[in-house]
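Reader: I am new to structures. Could you show me how to read a few features, one at a time?

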Amino acid sequence: GVNDTWYVVTSSLCWSEWNLQIFNRWGACIWESENPMDSWKGQVNEGGFYYVPDGVYIYKLNAKGYNPSVVEQITGHITIFR
């Protein structure tokens with residue numbers, strides 16, 4: 001019931017383009033969203049819904065604001081421990 005989802009704290013009104021991807025340790029994209037308000041629940045949606053095993057997952061965010069000078073390219077990691 002605590003920290004069950006992961007998301008980027010932002011407003012959808014700030015972005016004209018948004019692409020957030022989460023990768024497993026082998027570099028396969030396991031989750032992707034083009035909606036800034038989506039949250040990742042630690043699941044993989046390909047081949048049926050299931051939760052990922054404990055481990056470290058990498059995220060990559062590419063976003064462009066409505067102001068053309070605002071471009072974000074951010075990477076980081078998320079640790080899943082259930």
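Author: Start with a polar contact. This is a predicted model. Here the side chain of Asn-19 makes a polar contact with the side chain of Glu-32, at 2.8 Å.

Reader: Where is the place of Asn-19?

Author: Asn-19 sits in strand β1.

Reader: Is Asn-19 buried or exposed?

Author: Buried means under 20% relative accessible area. Asn-19 has 16%, so Asn-19 is buried.

Reader: Which residues does Asn-19 touch, beyond those up to four places away in sequence?

Author: Asn-19 touches Glu-32, Ser-33, Glu-34, Lys-60, Leu-61 and Asn-62.

Reader: Next, aromatic rings. How is a pair of them described?

Author: By the distance of the centres and the angle of the planes. This structure holds 3 aromatic pairs. One of them joins Trp-6 and Tyr-59, with 4.8 Å centre to centre and 40° between the planes. That pair is tilted.

Reader: Which parts does the pair tie together?

Author: Trp-6 lies in the segment before β1, and Tyr-59 lies in strand β5, so the pair ties together parts that are 53 residues apart in sequence. Trp-6 is partly exposed, at 22% relative accessibility. Tyr-59 is buried, at 16%.

Reader: What about Ala-63: buried or exposed?

Author: Ala-63 also needs the cut-off for buried, under 20%. At 2% relative accessibility, Ala-63 counts as buried. Ala-63 lies in strand β5. Leaving aside neighbours within four places in sequence, its contacts include Trp-15, Trp-18 and Val-70.

Reader: How far apart are Ala-63 and Met-37 in space?

Author: They are 13 Å apart, C-alpha to C-alpha, and 26 residues apart in sequence.

Terms used. Residues numbered from 1 in each chain as written. Predicted model: local features only at pLDDT ≥ 70, side-chain atom pairs only at ≥ 80, totals over all residues. Heavy atoms only, no water. Phe/Tyr/Trp six-rings, centres within 6.5 Å; stacked < 30°, edge-to-face > 60°. Helix = DSSP H or I, 4+ residues; strand = E, 2+ residues; numbered from the N terminus. Buried < 20%, exposed > 50% of the residue type's maximum accessible area, 1.4 Å probe, protein only. Polar contact = N/O pair within 3.5 Å; in protein donor to acceptor, adjacent residues only side chain to side chain. Contact = heavy atoms within 4.5 Å.
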